[in-house]
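Here is my note on the model, in numbered points. Please read it beside the sequence and the structure.

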Number of protein chains: 2
Amino acid sequence: MRDANIRDTDAVEIRDLRAFLAVVRAGSFTVAAQELGYTQSAVSQQIASLEKEVGRRLLDRRPVRPTIAGARLAEQATRILLRVDVARSELSALDDGGSHLRVDVCALAAPGVLSAALRDLRGERPTLKVTVRSTDALTAVSAVARATVDAALVDGITAPDSPLALADPGLLASTALVEVPLVVAFPAGHPLGSRSGVDLEMLDDAPWVVAPNFLRTGAAPMAGARPVSYEGNDLATLLSLVAAGHGSALLPDSSWATPEGIVRVPLRHPQLVHRTELLTLRTPSQLVTRLTDALRRTAAAG
Amino acid sequence: MRDANIRDTDAVEIRDLRAFLAVVRAGSFTVAAQELGYTQSAVSQQIASLEKEVGRRLLDRRPVRPTIAGARLAEQATRILLRVDVARSELSALDDGGSHLRVDVCALAAPGVLSAALRDLRGERPTLKVTVRSTDALTAVSAVARATVDAALVDGITAPDSPLALADPGLLASTALVEVPLVVAFPAGHPLGSRSGVDLEMLDDAPWVVAPNFLRTGAAPMAGARPVSYEGNDLATLLSLVAAGHGSALLPDSSWATPEGIVRVPLRHPQLVHRTELLTLRTPSQLVTRLTDALRRTAAAG
DNA sequence: ACTGTTTACGGAGACCGTAAGTATC
DNA sequence: GATACTTACGGTCTCCGTAAACAGT
């Protein structure tokens, strides 16, 4: 028997938060349970217990959707779990051998810089095994946090010299590599396509093809109604949507060749640039430090 | 029987982190256990389990002191637990009645501003119950995170217009209220005490009375050797240490009267000011919003 | 009726307390 | 030898799986 003590209050545990987030993301107890390796009954019990602990309903059922409180908790839980991942990873990084370098790259994140830097690195250490994977920015953040990869080249749209803010500030180390101007990709024949430059205001009535997984727009004002959303991260597909007239797209000036049916027009907006940065743990191994240096050198040279 | 699944890896739970942090802070399994309401044996087992989970030793014993890895984990754990507190508090804040306002104040945090703002607030709502408590900045952060108080007036030394950074950025809402210049408190008769102003370089050989709980210096360069440390948060005691010649102290220009045996000399350093800001949850109740407004008005007026 | 969540129940295991063991000062 | 942490062991409770009940569509 347990004597009366203080600790009856706090019972929110990481496992519960993981389950809750999985349900929120999946929109279903059943598939969340599959992802987590539980039975759906177990997940139901976990959510019930969590709701009891916080004393309020977190999810609406049928359809499964977070309540106001649940949405708020989900946001916090995301950050908490990410930090837990980072904590574990920083410990593992202490005895990282460093014979294998794994890097995530976003599609538009200055691929030339990475290639050149890797050539330098492999020149110094010919036995080095390197794995490069293409992902989107949010997956990359999570991969770095979990130490699934050692570093990630991520990109996004932001103000000049300001970080992309893909994770909580201070959680990961980020190094600016390249900033390039933006262009708007129009379908050929678009009335604005023949201009030498466009302002954002001109696009107020033009629809965008928004691609949240592909290129995060950060604080960029996404004017224009009826957006078509593209969930993948393949540039050719995105551009084909543009070419088909579903809307225009905001892209970096470099890193991609203009295909048929697309015209590119510079965006005249001094406060928006496309930025590529390197994400690593804040306690990088010597190998990652060398990669960072090589990338910085390459970026400065290019 | 449980089929093979993925989730055997992750077993770090919040309870473990709490126990670990308690031990690190207490420097002892026994007192940590008392604080937590466990037996010391239980804490020992929790730490052992945590060390097994992360696969490395986190604490040295006799004396009890974190290892390199343990120190790193402790830092992360602090942030994690703080965010967990915030998550819980933001949920509780959803149904906050708002008939009782609880505020933490640091000793040097512009007390006049709070008094005036409270007068305004109680003028509008005469039935409002108000509780004010004096604390140090770190306690205040934790209290806001746990919703033990609704708001906290904290202070510290920082560069002009830069936040105090007492917690992770974005974790809490902070509002700048007052920034005042700094003065150095010397013991009467100190060679520098008769000057009209001093630079930090002049103090390179002068010892400080450092008071980490009292006035966090942030990035202020604390030159000078042989510092005497004061752990409390009472201004009179601190100044008596200064008057007794144990060192000088860096203080805001206002908020305190000069006692016998002390001379104050302005610090000539444009990049350092004393700043008072208000800390609240990012989802404040209407009552807290009104307090914020009142404080902002008062601060602007004064 | 079927899909998907909740509830009931039972067993395995986690977790903590008691108490004995061990190491360090 | 005393203090403080570790280990052994047993009881209780948590937690998950099975299965049945229940609720929306």
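1. The contact between the two chains takes 29 residues from chain B and 29 residues from chain A, two residues being in contact if their C-beta atoms, placed from the backbone, lie within 7 Å. On the side of chain B that touches chain A, the elements giving two or more residues are α1 (14-26) and α4 (68-92) of chain B. α4(B) gives the most, with 14 residues. By class, this side of chain B has 15 nonpolar, 4 polar and 10 charged residues. Here Ala, Val, Leu, Ile, Met, Phe, Trp, Tyr, Cys and Pro count as nonpolar, Asp, Glu, Lys and Arg as charged, and the others, Gly among them, as polar.

2. This is a predicted model, in which local features need pLDDT of at least 70, side-chain atom pairs count only at pLDDT 80 or more, and totals for chains, interfaces and linings use all residues. Residues are numbered from 1 along each chain as its sequence is written, while chains are lettered from A and ligands numbered from 1 in the order in which they are written.

3. The same surface serves both copies, since 100% of the contact residues of chain B recur in chain A.

4. Chain A has 8 helices and 12 strands, taken as DSSP runs numbered from the N terminus (helices H or I, at least four residues; strands E, at least two). Of its 302 residues, 40% count as buried, that is, with 20 or more other C-beta atoms within 10 Å of their own.

5. The largest nonpolar core has 179 residues, of which A:Phe20, A:Val144 and B:Val144 touch the most other members. Such a core is a set of buried Ala, Val, Leu, Ile, Met, Phe, Trp, Tyr and Cys residues joined through C-beta atoms within 7 Å. Not counting residues up to four places away in sequence, A:Phe20 touches A:Ile47, A:Leu50, A:Leu58, A:Leu73, A:Ala74 and A:Ala77.

Key:
A residue is buried if 20 or more other C-beta atoms lie within 10 Å of its own, exposed if 12 or fewer, and partly exposed in between; C-beta atoms are placed from the backbone.
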